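Q: I'd like to learn how to read a structure like this one, feature by feature. Could you walk me through it?

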Amino acid sequence: MVDVGDDAPTFSAPMTTPSGDIEEFSLADATDDGPIVLAFFPGAFTSVCTDEMTTFSDRLDSLTEDGASLYGVSVDSPFALEEFATQNNLNFPLVSDIAKEVIDAYDVSMDFDALGVEGVAKRAVFVVDEDGTVTYEWVSDDPGIEPDYEEVESAAANA
């Protein structure tokens, strides 16, 4: 498990932007611009994930006023994430971990055994500072639980 004080595992992956473009995301490049918030979620178009991502979208100004950037991360394809973002008017990028390498690197992979679904992201949030150090981590084993948004905003401000 990635803990506070650890170097954040670096990665590159496809990302859909709020304008609908699909680009390459690089953690190293993203932290050059300041701290980042990585919000892992199990799957696009599911009720709790939609609630979480739209709540982050609604609170984006609070996260970014101190220079932090927000990125949602799931194992959905970049094309599915593009439609998910469009349908929900999301105003931040979504990173596609379709290869499931990022959830493995951050040790936030889970299965929905009853549904036969393997290798989706746990609901988790990591704040990574400009130096690439994890300054906040929250991971839930219960996909029905959303993060404490005020705590995430505070962590982003402190990074």
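This is a predicted model: local features need pLDDT of at least 70, side-chain atom pairs count only at pLDDT 80 or more; totals for chains, interfaces and linings use all residues.

Q: Are the two partners buried or exposed?
A: They differ in class. Asp-141 counts as exposed, at 62% relative accessibility, while Lys-122 is buried at 14%.

Q: How many salt bridges are there in total?
A: The count comes to three. One of them joins Arg-123 to Glu-52, whose closest N and O atoms are 2.6 Å apart. Since Arg-123 belongs to strand S8 and Glu-52 to helix H2, this pair ties together parts 71 residues apart in sequence. Both Arg-123 and Glu-52 are buried.

Q: And Glu-153, which residue does it form a salt bridge with?
A: With Arg-59, and there the closest N and O atoms are 2.5 Å apart. Glu-153 is in helix H6 and Arg-59 in the loop between H2 and helix H3 (60-64), so you can read this pair as a link between distant parts of the chain, 94 residues apart. Glu-153 counts as buried at 14% relative accessibility, whereas Arg-59, at 26%, counts as partly exposed.

Q: Now the sheet. What is the order of its strands?
A: The general idea first: strands of a sheet pair through backbone hydrogen bonds, in a parallel or an antiparallel way. Here you have an open sheet of seven strands, ordered S2-S1-S5-S4-S3-S8-S9, and the pairing is mixed. Strands S2 (22-26) and S9 (134-140) stand at the edges with a single partner strand each, so one side of each has no neighbour in the sheet. From one strand to the next, the twist averages 25 degrees.

Q: In which sense do S3 and S4 pair?
A: In the parallel sense: strand S3 (residues 36-40) and strand S4 (residues 69-74) pair over five bridges. To find your place there, look for Ala-39, which stands opposite Gly-72 in S4.

Q: Which strands does helix H4 touch?
A: Helix H4 (residues 78-87) packs on the sheet and touches strand S1 (12-16), S2, S4 and strand S5 (94-96). Its direction makes about 160 degrees with that of S5.

Q: Let's go inside. Which residues of the largest nonpolar core touch the most other members?
A: As background, nonpolar side chains tend to be buried together in soluble globular proteins. The largest core here has 26 residues, and Phe-11, Phe-25, Leu-38, Phe-40 and Tyr-106 touch the most other members. At least two residues of this core come from each of S1, helix H1 (27-31), S3, S4, helix H5 (101-105), strand S7 (117-121) and strand S8 (123-128). Apart from it lies another core, of 25 residues, including Ala-39, Leu-60, Val-125 and Trp-138.

Q: What is Phe-25 in contact with, leaving aside neighbours within four places in sequence?
A: The contacts include Phe-11, Met-15, Ile-36, Tyr-71 and Val-95. Phe-25 also belongs to one aromatic cluster with Phe-11, Phe-40, Tyr-71, Tyr-106 and Phe-126.

Q: How many aromatic pairs does the structure hold?
A: Nine. Take Phe-56 and Tyr-149: their ring centres are 5.0 Å apart and their planes stand at 80 degrees, so the pair is edge-to-face. Phe-56 lies in helix H2 (residues 47-58) and Tyr-149 in helix H6 (residues 149-158), so the pair ties together parts 93 residues apart in sequence. Phe-56 is buried, with a relative accessible area of 1%, and Tyr-149 counts as buried at 11%.

Q: One backbone feature to finish. Where is Asn-89, and what is its phi?
A: Most residues other than glycine have a negative phi. Asn-89, though, has a positive phi, near 50 degrees. You'll find Asn-89 in the loop between H4 and S5, exposed with a relative accessible area of 64%. Lys-100 also has a positive phi, near 65 degrees. Lys-100 is placed in the loop between S5 and H5 and counts as partly exposed at 29% relative accessibility.

Notes: Residues are numbered from 1 along each chain as its sequence is written. Side-chain values use heavy atoms; hydrogens and water are left out. Rings of Phe, Tyr and Trp (its six-membered ring) pair if their centres lie within 6.5 Å; planes under 30 degrees apart count as stacked, over 60 as edge-to-face and the rest as tilted. Helices (H or I, at least four residues) and strands (E, at least two) are DSSP runs, numbered from the N terminus. Buried means under 20% relative accessible area, exposed over 50%, partly exposed in between (1.4 Å probe, protein chains only). Two strands pair if DSSP finds at least two bridges between them. Axes are lines fitted to C-alpha atoms, for helices over the stretch in contact, and angles run from 0 to 180 degrees between N-to-C directions. Contact means heavy atoms within 4.5 Å. A nonpolar core is a set of buried Ala, Val, Leu, Ile, Met, Phe, Trp, Tyr and Cys residues joined through side-chain atoms within 4.5 Å. A salt bridge is a side-chain nitrogen of Lys or Arg within 4 Å of a carboxyl oxygen of Asp or Glu.
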